[in-house]
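Biologist: I'm new to this one. Could you walk me through how to read it?

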Amino acid sequence: MKVKVRQERCKECGICVANCPKKAISFSEEISVTGYRPVVVNDELCIGCGICYTMCPDWVFEILGDRG
Amino acid sequence: MEDMIKGNHVFAEAALRAGARFYAGYPITPSTEIMEYLSTRMDEVGGVYIQAESEQASMNILTGASASGVRCFTASSSVGMTLKQEAISHMADSDLPFLAINVVRYGNGLGNLQTGQSDYYRDTRGGGSGDYRNFVLSPYSLQESVELIAHAFDLGDKYGMGAILHTEASLGQMMEPCSFPEMKTVERRPGAIDGTHSQERISPLFRDRFAEALEMKERYKRAIENEQMWKDEYLEDADYVLVAYGLAGRSVMGAVEKLRAEGHKVGFIRPITLWPFPEKAFAKVNPAVKGYISMEENAAGQMVDDIALTLKKTEQRDKPVYCFTYASSIPTLKRIKSDFIKVTNGEVKEVY
């Protein structure tokens with residue numbers, strides 16, 4: 001796993017989905033505890049570039065790098 | 001050998017010599033030459049220069065620069081500084097240091113383009129929402145501004161606070177001989193944009209704002225105790241003490257020499273840090289002093305309040321405090337002398 005996602009913080013705004021250069025982020029089919037369809041990261045497509053981390057207004061992402 | 005150099009160019013070069021490598025700003029008279037100079041000079045030292053779309057944007061850009069750990073600065077004048085206050089408040093909330101050079105132009109709103117000290121309150125009290133403070137330093141000469149700019153960056157890093165060089169249109173626009181120290185290389189502070197949420201004060205998560213407020217209070221107390229700067233002379237036997245900063249302070253220093261030569265027992269305090277206000281200077285004053293006189297380049301009188309508040313803490317709390325204001329002009333030696341005589345003749349009433 002390259003990116004840790006705190007789904008409970010996601011409000012489904014889609015900024016990360018729009019900005020991911022690898023189109024690795026999509027909305028989950030599951031409803032989160034806060035009532036949204038939170039984002040999920042496709043680990044095979046993800047390159048861990050950190051753009052989602054930079055763009056997200058709600059601190060959903062953490063880039064794990066070597067810790068993944 | 002010292003070169004004749006323009007004030008605004010001095011401020012810019014002094015910041016680079018102190019290791020600053022990031023500037024963002026928006027031009028405004030009378031501070032524009034700072035960024036005009038940096039538009040070519042910053043590239044020569046390998047730094048980043050951004051002309052933003054507004055003052056507000058420039059300060060938000062500086063927030064990111066400071067969060068990335070680089071020594072960064074901006075410059076503006078009075079009304080332009082007003083537009084930066086929201087971001088300055090945010091930076092205070094995240095303990096992010098910066099230097100803002102305020103080349104004050106006199107007046108409310110757009111004001112005029114002339115010199116003044118009308119932003120004393122705004123700059124010393126924080127300026128945006130919240131109850132934060134910035135270091136505020138005011139030079140009386142261009143050479144002193146070189147030293148204060150380097151010191152302001154060091155203070156900012158040491159305390160995790162912003163610093164403002166509160167200077168005047170006249171100092172920014174005038175030329176005088178000035179020398180610079182060698183170029184300093186500064187290690188970048190650990191950056192916050194590291195893929196994690198390692199710096200708690202830069203994210204809204206996991207924060208204990210009450211504990212932070214108490215820590216901030218202690219930090220400000222430390223700054224007040226340790227970082228006061230001023231210049232004084234002839235306080236021990238003074239009948240009257242003149243208090244003025246910046247170029248008004250420079251005039252007052254000259255006027256005091258003249259008055260002394262004429263037999264008047266007069267001393268001066270020239271605050272260099274406006275925040276923290278140099279309260280300790282007042283402890284040196286003759287216990288039998290007859291009064292204090294604040295001389296300011298504004299209309300309403302602002303620093304006079306800080307003098308009165310300072311005296312309130314001392315045995316001299318009942319001494320009268322007078323105030324002369326010169327609006328958008330630097331008081332001349334002649335004018336200071338004649339105003340001083342008005343006090344000794346009982347022609348003016350004290351403010352406190």
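**Two domains in chain B**

Modeller: Let's start with spacing: taken over C-alpha atoms, the centres of domain 1 of chain B and domain 2 of chain B are 28 Å apart. This is a predicted model, where local features need pLDDT of at least 70, side-chain atom pairs count only at pLDDT 80 or more, and totals for chains, interfaces and linings use all residues. Residues are numbered from 1 along each chain as its sequence is written, while chains are lettered from A and ligands numbered from 1 in the order in which they are written.

Biologist: Where do the domains of chain B lie?

Modeller: Domain bounds come from an automatic or database domain assignment. Here, domain 1 spans 3–226 and domain 2 spans 230–344.

Biologist: How many residues does each domain of chain B bring to their contact?

Modeller: Residues are in contact if their C-beta atoms, placed from the backbone, lie within 7 Å. Domain 1 of chain B brings 27 residues, and domain 2 of chain B brings 21.

Biologist: Which element gives the most to the domain 1 side?

Modeller: Helices (H or I, at least four residues) and strands (E, at least two) are DSSP runs, numbered from the N terminus. On the side of domain 1 that touches domain 2, α6(B) gives the most, with 4 residues.

Biologist: How many residues does each chain put into the contact between chain A and chain B?

Modeller: Chain A puts in 7 residues and chain B 6.

Biologist: What about confidence?

Modeller: pLDDT is the predictor's confidence in each residue, from 0 to 100. Chain B averages 96, with 100% of its residues at 70 or above. The model's ipTM is 0.78 and its pTM is 0.93.

Key. Two residues are in contact if their C-beta atoms, placed from the backbone, lie within 7 Å.
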